[in-house]
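Here is a short report on a two-chain model.

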2 protein chains.
Amino acid sequence: MENKRIGNQTVKLTNPIYINSTYSIVGPKESEGPLAKYFDNSVQDAFYGEQSWEKAESKFCLSSINGCIAKSKIPVSDFEYILAGDLLNQCTSSSFAIRETNIPFIGLFGACSTIIEGLAVGSMLIDGGMANNIVCSTSSHFCSAEKQFRFPLELGNQRAPSSQWTVTGSASAIISNKGNGPKITHTTIGKIVDMGITDANNMGAAMAPAAINTLKAHFEDTGRKPDYYDLIVTGDLGYIGHQIVIDSLKADDYDLNNNYTDCGILIFDKEKQDTHSGGSGCACCGTVLAGYLFNKLQNKEINKLLIVGTGALMNATTCQQSESIPGIAHAIAIEN
Amino acid sequence: MENKRIGNQTVKLTNPIYINSTYSIVGPKESEGPLAKYFDNSVQDAFYGEQSWEKAESKFCLSSINGCIAKSKIPVSDFEYILAGDLLNQCTSSSFAIRETNIPFIGLFGACSTIIEGLAVGSMLIDGGMANNIVCSTSSHFCSAEKQFRFPLELGNQRAPSSQWTVTGSASAIISNKGNGPKITHTTIGKIVDMGITDANNMGAAMAPAAINTLKAHFEDTGRKPDYYDLIVTGDLGYIGHQIVIDSLKADDYDLNNNYTDCGILIFDKEKQDTHSGGSGCACCGTVLAGYLFNKLQNKEINKLLIVGTGALMNATTCQQSESIPGIAHAIAIEN
């Protein structure tokens, strides 16, 4: 069989893997942010007509899956797999949404890196001849995440300056071995990196080392420099993690000052929206990619994009048991 | 590219994907059961020397990963991916174990189907030329699972006759494009099936419909009848789910009376160990495959095995919100 690996962590796909369509749906706060016009749909009720935040999150997820499939014009029966996961315990936002579809399900857990993990694994499955069309999806919800990972919302707890705001919404993307438009060309699956950060209100700092590790692996494996890409975007490092990545990679002679940003920075207005260090959550990287970035790719304002999904792999119990926060980051290169 | 799909849900791998080695480690109860002699290691202390059940479960996981890599004689640097997941919230048993390795990590969530999901996705990645060697791993722990999904152990809650006993332990398996011995030949990724069971103490009944769905898909896709296989094994349906599968497939003219069993039935002694409907948990299917079944394959007592991992995709919150329990099942065929 043909070996598609280059370097230590990267796969160079040998067939064009097209991003056929994307769909993004967000909650009220995101629909007031600077990217509002790029999202396919927004919902002003955080409960989305449901009786709990968890049910609402799952409804966001189903809406984005169905919306994306409708946009793709591919019949549901032509999808071999749906790859999805989310932040709710046991990824129930995804599974309760996907039970309403009739598509074989490969469940993922990559925390906030999930949409990129899905697109990476999915594009490798298509490139290997295992599937023709795959849906990748993820979701998050500010209220369900705060409740599950931090404090009851009713407590009205004060937020730390380093904290980030979990994006409410869901994103889906459909990849296919036929079509036109932006193509996934490379995947770089990351290693878990844990530099000992224990503060669950400083996720950017906890995840940045994993992003640095994966970016370096991608540059070394491909022989590319940061300036090969029109834009490099991390998932949800926010302002603090973004600066750590710039500073750390500068020490390794990778200059990210000119073409690097972060979905957590893009999605909210720093001055007006009071989200402190920026956005986070599975839907942060998901909706910014499916909304804003995919639009820029389609319009050819960006032609070479490196996007790095970042995830923090802790839970409420590990924090209570004083464990540090392991991070992960997966990258895909997308080109027109 | 070559299309490797047959039927609606099955991939027929075109290259031999060898199961190079397996490793199983179990807790005290499993080491008193009928399969004790097949496990690589057993630990008599449920805390495994740690200060919490969660940390113990993660140590089980790391022990099985390291044990499996040592048995394989493949250098750690030659593994492109580790595919793993577990039942703890946000799969922290796996991620806290894997941060100690230096292998790129693809996180999965398939509940108790995880080891089969990992072997299925992993063998497709190898078959596609994306990797040469992959570790698949999973774990579960009776105490951490009871605490997280049901009641505090200290409550000494009475167990329902339909309840199953979460297996304490971890299993790993290494798959490779070189070697000899048992080979994975087909993967059948399942759909989520939810028949409305709401009783978290009757997981066998909740998961059986998904197993039935995946078994039927596998038989239809491959044109095989149950008697093609020396043995068909489901993951952790226990006595109740096992009988549901036999009865339901009989109505579709598939006779599973002669060569079908379940890991949850095999792992504990029904008369002596008081586990009611049998074993469950990610480590149930994992350790029975890595221990007992892999031994039978290597000794050629079994030459054609169909193993179907089964998972219940609920969490404690969905149960409290009166949701039913979605099930999933993934199958792989293994032949000498």
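A residue counts as buried under 20% relative accessible area, as exposed over 50%, and as partly exposed in between. The model is a predicted one.

**A histidine with positive phi**

By that cut-off His276(A) is partly exposed, because its relative accessible area is 30%. Its backbone stands out. His276(A) has a positive phi of about 60°, although it is not a glycine. The residue sits in the loop between helix H8 (270-273) and strand E12 (279-280) of chain A.

Chain B has a counterpart to report. His276(B) is not a glycine either, and its phi is positive, near 60°. The relative accessible area of His276(B) is 29%, so this residue is partly exposed. Mind the helix numbering here. The loop that holds His276(B) runs between helix H7 (263-266) and strand E12 (279-280) of chain B.

**How the chains are related**

Chain B superposes on chain A by a rotation of 180°, with 0.0 Å of shift along the axis and an RMSD of 0.0 Å. The two copies are therefore related as by a two-fold rotation axis. The contact surfaces agree with each other too. Of the interface residues of chain B, 100% are also interface residues in chain A, so the copies meet through the same surface.

**The interface**

How many residues of chain B are in contact with chain A? The count is 62 residues of chain B against 62 residues of chain A. Between them the chains bury about 5300 Å², and 58% of that area is on carbon and sulfur atoms.

Polar links are also present. The rule finds 38 residue pairs in polar contact across the interface, both residues being at pLDDT 80 or more. On the chain B side, several elements give two or more residues, among them strand E2 (10-26), helix H1 (53-72), helix H4 (142-149) and strand E14 (327-335). H3(B) gives the largest share, six residues. By class, this side of chain B has 27 nonpolar, 22 polar and 13 charged residues.

**Salt bridges**

The structure holds 24 salt bridges over all chains. Six salt bridges are counted between chain B and chain A. Some examples follow.

| Pair | Closest N to O distance |
|---|---|
| Asp194(A) and Arg99(B) | 2.4 Å |
| Glu146(A) and Arg150(A) | 3.2 Å |

Take the bridge of Asp194(A) with Arg99(B), at 2.4 Å. This pair crosses between chains. Asp194(A) lies in the loop between strand E9 (183-188) and helix H5 (203-222) of chain A, and Arg99(B) in the loop between H2 and E5 of chain B. Asp194(A) is partly exposed, at 22% relative accessibility. Arg99(B) is buried, with a relative accessible area of 19%. Salt bridges that share partners also form a network that joins Lys55(A), Arg99(A), Glu100(A), Asp194(B) and Glu323(B).

Next comes the lysine at position 296. Lys296(A) counts as buried, because its relative accessibility is 12%. In chain B, Lys296(B) belongs to helix H8 (residues 282-298). Lys296(B) is buried as well, at 11% relative accessible area. Leaving aside neighbours within four places in sequence, Lys296(B) is in contact with Tyr38(B), Glu301(B) and Ile302(B).

**An enclosed helix**

Why is helix H4 of chain A largely enclosed by the rest of the structure? Seven of the eight residues of this helix (residues 142-149) are buried, so the rest of the structure largely encloses it. The buried set is Phe142(A), Cys143(A), Ser144(A), Ala145(A), Glu146(A), Gln148(A) and Phe149(A). These buried residues pack against helix H1 (53-72), strand E6 (133-140), strand E7 (165-166) and helix H10 (316-320) of chain A.

Glu146(A) forms a salt bridge with Arg150(A). Glu146(A) is buried, with a relative accessible area of 11%, whereas Arg150(A) is partly exposed at 24%.

Notes
Residues are numbered from 1 along each chain as its sequence is written. Chains are lettered from A and ligands numbered from 1 in the order in which they are written. This is a predicted model: local features need pLDDT of at least 70, side-chain atom pairs count only at pLDDT 80 or more; totals for chains, interfaces and linings use all residues. Side-chain values use heavy atoms; hydrogens and water are left out. Copies are superposed by least squares on the C-alpha atoms of residues with pLDDT of at least 70 in both. Contact means heavy atoms within 4.5 Å. Helices (H or I, at least four residues) and strands (E, at least two) are DSSP runs, numbered from the N terminus. Buried means under 20% relative accessible area, exposed over 50%, partly exposed in between (1.4 Å probe, protein chains only). Buried area is the accessible area (1.4 Å probe) that two parts lose on being put together, summed over both. A salt bridge is a side-chain nitrogen of Lys or Arg within 4 Å of a carboxyl oxygen of Asp or Glu. A polar contact is a pair of N or O atoms within 3.5 Å; within protein, one must be able to donate a hydrogen and the other to accept it, and residues adjacent in sequence count only if both atoms are side-chain atoms. Ala, Val, Leu, Ile, Met, Phe, Trp, Tyr, Cys and Pro count as nonpolar, Asp, Glu, Lys and Arg as charged, and the others, Gly among them, as polar.
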